[in-house]
Amino acid sequence: MTIKENKSSTSSFFIPKQITKCILFVTQECNLRCQYCYIEKKDAKMTLEVAQKVVDFMFQKNPNDGQLEIGFFGGEPLLEFEQIKQIVKLIKNHPLYNSSKVIMSITSNGTIFNKEIADFMLSNDIVFCISCDGPQEIQNTTRKYKNGQGSAMAVEKTIQEALQYFPLLPVNAVYSDKTLKYLPQTVDYLVNLGVKNIYLNPDISAKWKQEHAEQFSEVYGVLAEKYIQFYLQGKPKFISLIDGKISIILRGGYELFERCRMGSGEFAFGTTGNVYPCERLVGFDDGKTNCIGNVVEGTIMPSSCKIVPSAATNVECTQCGFSEYCMNWCGCTNYHSTGSYDKVSAFMCAHERAIINVAYQTVQKMNEYGINLSHHVQGTPLVNVATDFSKS
Amino acid sequence: MSININDLEALTDYLNYKFAKIANGRPVGGIPKDPIISEKTVKEFILKKNLVAIPLDKKIQYFQGAFDAPADTGAIVNNTDVRSKLLTVAEKPVAAADSLTKQILICGGIKYPHLHCEGEIYKLTNDQWNQFAIIALEELRNKFAKVNTISFDNFVKFAEVVEEEV
């Protein structure tokens, strides 16, 4: 199968009646040039007219007053802070807006931050997320400014300041084939800064090879040891790789609506209103590749959108004992690594096998230590961190 | 419970069954559903230990407790009236809470061991939870015995083909 044949490679067995997650590209410009970024940079901003159409679409497609996650993304969204303020007004002034149901977030590279931004996010209940790949030697290599200068100092300062406003600040670190072995140092670095909510994500477009696959278990195992130690010290941390998989293991596998809902329950909107099934598929936003409509033109996907991966179609996956615990359904990860929404790469297979095994062993060890993980069954392991926060 | 995703009718029934138990087709707090694979195990355990479901009024108390004493927090509900009461409670200001904290608290997160089964919540002791975890892990070990691998060799060939055609 080639990249050109991916359109109907998955079945649309379940189209949810309402959407739950929308990502708005307020700008496609960025002040950084990260090595692995899947978004092409260009001078394009979302106008208020386009934003209004997007907001109307979101609420119109969410008629049952269900939970709606709205993310501001880019490019670097805080380059357009003034525009974000206006769009938030549009959202909150919408007749169907319900503060208890809408969760807004801003994902930033951490180079732009001040008290005004923090106050705005606090007063509007906006979750703030920062991307940081780790200590200076990693961050300055992978996440540079346009002029080639490293961003480490600026981002570190932002994390420290932001933690004063957002004690549970989520920080997202991307690791690649070149930085995999430094993951434990990245966790140490973030924890020393005071971060309690750590998301670790592999660079899905990296040149992963067998030699890296063989390192996954060892590196993830070191992370798991740290994770356990944090618990034993009475200061548990949320580490997405470990916590997420423990939850899935204890709950008996992913449920259907936990899986990728790209193009049915989740959408990303480009600056001109182009609609994509996932923010990781916007690319250059040319209105062609992966595009499923335009919200301004009202040409949105109805029956054409068949992009609803539910599980991988690889023969190896359908017969695998890990299949219910594996993220083989992540359409954008599959697309970036194999060119097809439902074909899993060798990297994904090796990564998932390693982390599932490590999480399984972690549960066993913690059971032996008498550490209770029952809250993971509920799917909200973050509450550990919340409790820790409440004591501090 | 295992579902054949190609069987649309069975799938619809399953989803209706699941969603009927939660307000407006979405979870009010956390993920109030039972582990799909271990549902039988959960039921057997509840029966074996003679566990009694937490009454509805207690659930509200537990949720309110989330704001007074975060160490014993959260509630999962599947009743619309109770849900609206809970959301009213959730609007109360939480000390030093940013939106993420608020979201976590709204999403529940009962800090004591418990199981979900058929829309109800069953409280466990630490010992009972550890016993359950051992059973669940044993069940998992059997599943994990059948693990496949996608070979990097084949993948490299595939990636080369894609690069050539793109």
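A residue is called buried here when its relative accessible area is under 20%. The structure discussed is a predicted model, and by this criterion buried residues make up 64% of the 392 residues in chain A.

Chain A contains 13 helices and 12 strands. Of the contacts in chain A between residues at least 6 apart in sequence, 73% link residues that are at least 24 apart. The chain exposes about 14600 Å², of which carbon and sulfur atoms supply 49%.

Helix 6 of chain A, which spans residues 183-193, is mostly covered, with 8 of its 11 residues buried. Those buried residues are L183(A), P184(A), T186(A), V187(A), Y189(A), L190(A), V191(A) and L193(A), and they pack against several elements of chain A, namely helix 4 (136-142), helix 5 (152-165), strand 7 (170-175), strand 8 (197-202), helix 7 (210-232) and strand 9 (238-239). After helix 6 of chain A comes G194(A), whose phi is positive, near 105°.

The cysteines deserve a separate look, since the structure holds 0 disulfides over all chains, where such a bond would require two cysteine sulfur atoms within 2.5 Å.

| Cysteine | Closest cysteine sulfur | Sulfur distance | Relative accessibility |
|---|---|---|---|
| C34(A) | C30(A) | 6.0 Å | 14% |
| C37(A) | C34(A) | 6.1 Å | 35% |

As to cover, C34(A) counts as buried, whereas C37(A) is partly exposed.

Notes:
Residues are numbered from 1 along each chain as its sequence is written. Chains are lettered from A and ligands numbered from 1 in the order in which they are written. This is a predicted model: local features need pLDDT of at least 70, side-chain atom pairs count only at pLDDT 80 or more; totals for chains, interfaces and linings use all residues. Side-chain values use heavy atoms; hydrogens and water are left out. Helices (H or I, at least four residues) and strands (E, at least two) are DSSP runs, numbered from the N terminus. Buried means under 20% relative accessible area, exposed over 50%, partly exposed in between (1.4 Å probe, protein chains only). Contact means heavy atoms within 4.5 Å. Accessible areas come from the Shrake-Rupley method with a 1.4 Å probe; for residues, only the protein chains shown count as cover.
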